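Please look over the sequence and the model below before reading on.

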Amino acid sequence: MASSRMTFSKKIFVSLLSAGLLLSGTTLVAQANTADDIATIKSNLEKRKPAMIAKSIKPSPLAGLYEVYANGNIFYVDKTVSYVMVGGALMEDSTKKNLTAERLSELTSIKFDTLPIKNAIEIKKGTGAYKFAVFSDPDCPYCKTLEQGLDKMNLTDYTAYVFLFPLKELHPDATVKAESIWCAKDKKEAWFNWMVKGTTPEKATCGNPLAANEKLADEFGVAGTPTIYLNNGKQTQSPQELVAAIKESK
């Protein structure tokens, strides 16, 4: 009888063990399939002309759909990149959460204290208490609107770190202006005079951080200007959000 019970127990143990192994095997196969899909997506994107380099590819909450983060944006593809969803938002119905916006905020946030501020023009107002950074192109009309708006509002008690980031393809003269501003005797004054007053900077050349700023922008996924980083590291393109953050900090 004891022998019979032992045999039965062994059968249960073997069955449970087999089931566990089967589950582990299924998980491993699923992980391998996902890795293969991601590799295929990455390869297909890089074969495009121009090539698209994805900084992140992962399965989305929706089966069969993969989230791709590239060029500062999120889009969705199937595993063969035969279908692409651009400009849409993936919503979670039960919570009404915008999952795309949440992920984009997560992917584009930085550790503010690690910024190489030596490569930026420092503009201090009042106590300079609230710190933010902005990647800005001297020929970008929206960047000028931002600077002129901050000046008109007479905001104070903030420190802005302006990373010169000329968009050469859109503004062919921006690099010369950016270098001239950086090489001016007073960078802050040259920047203000051009962006707010419209006074063209005197042409000058010197060692400058433009290449380093371009590399940093690519690392951060900065896709346009002005791109603002708030004191908490969050990325935004909204001047209104920046103004609100400065006011709330007081």
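Which residues of α4 are buried? They are A174, K177, A178, E179, S180, I181, W182 and C183, where buried means under 20% relative accessible area, exposed means over 50% and partly exposed lies in between, with a 1.4 Å probe and protein chains only. Helix α4 runs over residues 174-183 and is mostly covered, with eight of its ten residues buried. Helices (H or I, at least four residues) and strands (E, at least two) are DSSP runs, numbered from the N terminus.

Some notes on the source come next. This is a predicted model, in which local features need pLDDT of at least 70 and side-chain atom pairs count only at pLDDT 80 or more, while totals for chains, interfaces and linings use all residues. Residues are numbered from 1 along each chain as its sequence is written, and side-chain values use heavy atoms, with hydrogens and water left out.

The protein as a whole has seven helices and eleven strands. Of its 250 residues, 38% are buried. Its accessible surface is about 14900 Å², and carbon and sulfur atoms account for 56% of that; the areas come from the Shrake-Rupley method with a 1.4 Å probe, and for residues only the protein chains shown count as cover. Contact means heavy atoms within 4.5 Å. Among contacts between residues at least 6 apart in sequence, 67% join residues at least 24 apart.

Back to α4. Its buried residues pack against β7 (121-125), β9 (158-164), α5 (187-197) and α6 (210-220). Two packed helices are described by the angle between their axes and the distance between the axes. For α4 and α5, the axes come within 7 Å and cross at roughly 140°; axes are lines fitted to C-alpha atoms, for helices over the stretch in contact, and angles run from 0 to 180 degrees between N-to-C directions. The two helices α4 and α5 are therefore oblique to each other, since angles under 35 degrees count as roughly parallel, over 145 as roughly antiparallel, 65 to 115 as roughly perpendicular and the rest as oblique. On the α4 side, K177, I181 and W182 meet K187, A190, W191 and W194 of α5. By class, this contact has five nonpolar, no polar and two charged residues. Here Ala, Val, Leu, Ile, Met, Phe, Trp, Tyr, Cys and Pro count as nonpolar, Asp, Glu, Lys and Arg as charged, and the others, Gly among them, as polar.

The largest nonpolar core has 29 residues, and those with the most contacts inside it are I121, Y130, F132, Y158, L164, W191 and L242. Such a core is a set of buried Ala, Val, Leu, Ile, Met, Phe, Trp, Tyr and Cys residues joined through side-chain atoms within 4.5 Å. At least two residues of this core come from each of β7, β8 (130-136), α3 (141-152), β9, α4, α5 and α7 (239-248). Another core, of 15 residues, lies apart from it and includes F112, A120, V222 and Y229.

Helix α2 (residues 99-108) contains R103 and also T100. R103 is buried because its relative accessible area is 15%, and T100 counts as buried at 9%. Leaving out residues up to four places away in sequence, R103 touches S56, K58, E67 and I74, and T100 touches I74, Y76, G88, A89 and L90.
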